[in-house]
Amino acid sequence: MARFLHESNLTSAIKVIKDYEKESDAKFAVTVQQNYCQQGEFGMPPHDAEEVLRHKVMFEELPLNGIPHVMLGLKKFTCQHGPKRKCDIKKSKMSEDIEGGKKSANSKKFGCTSVILMHNVWVFPEFKIPSDTLWHRRETSKKIKNQLEQKELIGEHRIYLNIPDPKAHSNHLSEQALEWKDWKKDVKERKKKKREEKLIQLAEQQMQEKEEMLSNEKEENELAEYGRPWTLSIALPGSILDNAQSPELRTYLAGQIARALVIFNIDEIIIFDESGAAARDNTDGVYSGIGKKGNANVQLARILQYLECPQYLRKSFFPKHNDLQYAGLLNPLDCPHHVRADEEIAYREGVVVDRPVAKGRGSHVNVGLYKEVEIDKKLQAQLRVTVKMNTKKGTPTKHAPCKVVSPSAPRLEAGLYWGYSVRLASSLGAVFTGCPFSDNGYDLTIGTSERGTKADDVDLPHFKHALIIFGGVQGLELSLEMDEELLVSDPGVLFDHYINVCPDQGSRTIRTEEAVLITMATLRPKILGAQDWNR
């Protein structure tokens, strides 16, 4: 049976509709909403008497038995199984098996005519007319308007509801409603299950990442015990090449220096200009004429860089150049980072390949294997990188990108010798600045000269970054004299130790390439002893 009732506020009226939905097993949606008030939202009482005066006083709009009222708004709620409101509603893709066949549930609209009307009304119960005549209506309306014009807000606010009979729903059966309800419940359950599976998968992934991170930290801590935190640097003048009589001998001399560096695990080689003319002359290493020699400092640095670079990367970083004309004849350095394709090692040197990268993926790097590897970052092409390989068992490389690390990581984490870096300095004084390992520079400096203290009488302290400097043909004295910024005359003042590694030498001169080998062979036990003593 249809009901006509009223509530004092919008909240109570909405509750009545919710209860009716449970009773009728149907849902209702707002299809029409009209708010006649200029201020405020639907369901709210008028702000003042002027707002009420704008509306006509009615007696027949609602069956209120002669109580005058003013209509402030209307809402129409339509059954969910009512008529279609749009012609272009997409049909549902749901299909259900019914009696062995398939029935397509294209829409839940069945043309039901049940509606709920909600009226926002301002009523005047004290002005109820005794009989429904035209005269009583006019006189009552005048009285109400006279009082409202005096700014006196009279009457009360009500929300009237026109509720249909629960049995009045047409064109849809309860089975169909339940069918739709069951399907909707099933969809909700499947969505909920899918969300739960996603959350579980995400939690497992986060747990796995956390375990991998802890495992990596543990491995790094274990490797750190075997790592080498200290570094050795050597500085020598590029003018030593000028003593060679031919381009072939100049190249071979540079190859001897490179072999000596890697034999004694030198981390940095500094080529300085002992003449002090580097700021004035060109440093591009280009020959200035036929039969003329190139810039010795740049040529030595270029050959040392060429030999240090792994063979499979040289074509990417070293184009054809006169300085490297005879570099192919030199003995290979065969350092730990000069890795063969079939050799397994934790780190490799590589070059970033110029290839399009998918969104969220890392660049591809040539690390000397038969196939390129993917890294964890997107980097600029033709960039040399140090890659930590994914060597875990059971984890394919293509599913787990390799990690780009600092060039010093193999030394710090695994204690591997990973080649040397080459630096050019314009003078002897510039050698002491620009340390790539620390902002504080070198904490141990050693100068070599036949006028120094015997190396056997020297004890080296613990250090982090040591620098050993060799002079040219005329020794460090010439380099100091040509450097206008160093205001000292004795080279020994510049160093923590000024040593002679070969006293009572049988030859008047010791060539620089020979001095490097002699010095490092003499100081090696002292260097290792200084580090072991402090561990």
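Colleague: In which loop is the place of Asp334?

Modeller: This is a predicted model. Asp334 has a phi near 55°, a positive value in a residue other than glycine. Its place is in the loop between helix 7 (314-317) and strand 10 (347-352).

Colleague: Is Asp334 buried, partly exposed or exposed?

Modeller: Buried means under 20% relative accessible area and exposed means over 50%. The relative accessibility of Asp334 is 46%, so Asp334 counts as partly exposed.

Colleague: Where is Gln382 found?

Modeller: Gln382 is not a glycine, yet its phi is positive, about 65°. Its relative accessible area is 47%, which makes it partly exposed. Gln382 is found in the loop between strand 12 (373-374) and strand 13 (384-388).

Colleague: Why is strand 3 described as largely enclosed by the rest of the structure?

Modeller: Strand 3 covers residues 69-79. A residue counts as buried under 20% relative accessible area. Strand 3 is largely enclosed because the number of its 11 residues that are buried is 10.

Colleague: Which residue in strand 3 is the bridge partner of Gln33?

Modeller: Strand 2 (residues 28-35) pairs with strand 3 in the antiparallel sense, over seven bridges. The bridge partner of Gln33 in strand 3 is Lys75.

Colleague: Which residue in strand 6 is the bridge partner of Met71?

Modeller: Strand 3 also pairs with strand 6 (residues 115-123), in the antiparallel sense and over nine bridges. In strand 6, the partner of Met71 is Val121.

Colleague: Which elements give two or more residues to the positive patch?

Modeller: The positive surface patch is formed by Lys18, Lys22, Lys27, Lys184 and Lys188. The elements that give two or more residues to it are helix 1 (10-24) and helix 4 (174-226).

Conventions. Residues are numbered from 1 along each chain as its sequence is written. This is a predicted model: local features need pLDDT of at least 70, side-chain atom pairs count only at pLDDT 80 or more; totals for chains, interfaces and linings use all residues. Side-chain values use heavy atoms; hydrogens and water are left out. Patches are made of residues with over 30% relative accessible area and no salt bridge: like charges are joined within 9 Å, nonpolar side chains (Val, Leu, Ile, Met, Phe, Trp, Tyr) within 5 Å. Accessible areas come from the Shrake-Rupley method with a 1.4 Å probe; for residues, only the protein chains shown count as cover. A salt bridge is a side-chain nitrogen of Lys or Arg within 4 Å of a carboxyl oxygen of Asp or Glu. Lys and Arg count as positive and Asp and Glu as negative; His and the chain ends are not counted. The place of a charge is taken as NZ of Lys, CZ of Arg, CG of Asp or CD of Glu. Helices (H or I, at least four residues) and strands (E, at least two) are DSSP runs, numbered from the N terminus. Buried means under 20% relative accessible area, exposed over 50%, partly exposed in between (1.4 Å probe, protein chains only). Two strands pair if DSSP finds at least two bridges between them.
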